[in-house]
Amino acid sequence: MSGTPARTADAATAAEVVCLGESMVTFLPSQPGRLADVPSFGRGIGGAESNVACALAAAGHRAAWVSRVGADGFGDHLVEAIAGYGVDTSGVRRDPSRPTGIYFRTATDRATDVHEVAYYRAGSAASAMSPDNIPYATLPATRVLHLSGITAALSADCLALLHDLTAPRPGRPLISFDVNHRPGLWRDADASPEVLLDLARRSDLVFVGEDEAEEAWGMMGAAAIRAALPEPATLVVKRGAEGATVFSGTGGTPDAGDITTVPALRVDVVAPVGAGDAFAAGFLSATLRDLPVRDRVRHGHLMAAAVLTVPGDLTAPPARAHADSLAALDDESWGRLRLGPGWTGDDQEVRTT
């Protein structure tokens, strides 16, 4: 399958992207510090796949979110909040016997040792997703189906569902898979590396960070990751402050096909959360528009910068014309950009150094 999703006959009405996975009500700290010391929390929404759906819808795409939530107030809030971004939530089912998942987190970067997350999602409605209650044939027609490794960790039924969705079949949409290695979610931590590697190999477009590839698979560097994942038509290796490297085409060796490296932007970070999902949304948005690989990565960086310069996990992306103008800059001008709070507004001047 090529790196650009094929258009279908009913593309005018179908969702361009379907994102499947658990979303939870998130309790965000009112101040930095340990969970034991934070006096109060604000309510938000959190979920890798629904974050991608919300960002794509806010960017003007037809996006749908498929999941299960409890028949409770938290489920009501999730569905209403996600639909408020313009996402089609008609594929969300209510479970009368299982609750909606929730979690609490600290304000620090999840990559640091002091970051804490307290999940209350065991036995959640979403963890009961399976091939029986979300069969492939019932999903909306779409150009892209976006999944993540988080779903695989929730239960044996969820893992079976991902195996079903990533199975080769006629007319399968482009399968986008974000590895999203979360060791704390796996009951059998020893099984997670093999499971995630297998799912990535069955996908068409894969997002993975160098840091998580090293943690999960012991792989160092983009070339080593590509050597282990020759199957995906497009492999996006996120390299933190160094930017991202994209391998396009297949051939079984790290240097087969095209290799595109795009430097990251300099960003005045307000909150270091949500950037990975936003990057995936920006890359998918540009993929749907058939933009060149370099511009797909740049749109990923720009969407990530929009989230990094606000306190929460979600925000309005830059207007398409604004983002397009920045993505089209020459390499020198791109390298001089510095983005801070408010940069996405039409009346805001983007700084250069």
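R121 lies over the face of Y119, 4.8 Å from the ring centre; a charge counts as over a ring if NZ of Lys or CZ of Arg is within 6 Å of the ring centre and within 35 degrees of the ring normal. R169 is placed over the face of Y136 in turn, at 3.9 Å from the ring centre. The model is predicted, so local features need pLDDT of at least 70 and side-chain atom pairs count only at pLDDT 80 or more, while totals for chains, interfaces and linings use all residues. Residues are numbered from 1 along each chain as its sequence is written, and side-chain values use heavy atoms, with hydrogens and water left out.

**Aromatic pairs**

- The whole structure contains 8 aromatic pairs, where rings of Phe, Tyr and Trp (its six-membered ring) pair if their centres lie within 6.5 Å, and planes under 30 degrees apart count as stacked, over 60 as edge-to-face and the rest as tilted.
- F104 and Y120 have ring centres 6.0 Å apart and planes at 85°, so this pair is edge-to-face.
- F104 belongs to strand 6 (residues 102-105) and Y120 to strand 7 (residues 117-120), 16 residues apart; helices (H or I, at least four residues) and strands (E, at least two) are DSSP runs numbered from the N terminus.
- F104 is partly exposed at 23% relative accessible area, whereas Y120 is exposed at 53%; buried means under 20%, exposed over 50% and partly exposed in between (1.4 Å probe, protein chains only).
- The rings of F207 and F283 are edge-to-face, because their centres are 5.6 Å apart and their planes stand at 90°.
- Since F207 lies in strand 10 (residues 205-209) and F283 in helix 8 (residues 275-288), the pair ties together parts 76 residues apart in sequence.
- Both F207 and F283 are buried.
- One aromatic cluster is formed by F27, F41, F74, F104 and Y120.

**Nonpolar cores**

- The largest nonpolar core has 54 residues, of which F207, L265 and L302 touch the most other members; such a core is a set of buried Ala, Val, Leu, Ile, Met, Phe, Trp, Tyr and Cys residues joined through side-chain atoms within 4.5 Å.
- Helix 9 (residues 293-308) gives this core its largest share, 8 residues.
- A second, separate core of 45 residues includes A48, C158, L165 and A213.

- Leaving aside neighbours within four places in sequence, L265 is in contact (heavy atoms within 4.5 Å) with H301, L302, A305, W334, L337 and L339.
- H301 lies in helix 9 and counts as buried at 10% relative accessibility.
- With neighbours within four places in sequence again set aside, the contacts of H301 include G243, V262, L265, F279 and W334.
- A200 is located in helix 5 (residues 192-201) and counts as buried at 0% relative accessibility.
- Not counting residues up to four places away in sequence, A200 touches F177, V206, L229 and P232.
- The C-alpha atoms of A200 and I175 are separated by 9.6 Å, with the two residues 25 apart along the chain.

**Cavities**

- There are 2 cavities of 30 Å³ or more, a cavity being a set of points on a 1 Å grid over the protein atoms alone where a 1.4 Å probe fits but cannot get out, with lining residues having an atom within 4 Å of a point.
- The largest cavity has a volume of about 60 Å³, volume being the space filled by probe spheres set on the points, which are joined across faces, edges and corners.
- Its lining includes N51, A55, D277, M303 and D313.
- Helix 1 (48-58), helix 8 and helix 9 each supply at least two residues of that lining, and the largest share, 3 residues, comes from helix 9.

Methods:
On a 1 Å grid over the protein atoms alone, a cavity is a set of points where a 1.4 Å probe fits but cannot get out, and a pocket is an open set with protein on both sides within 12 Å along at least five of seven lines; lining residues have an atom within 4 Å of a point.
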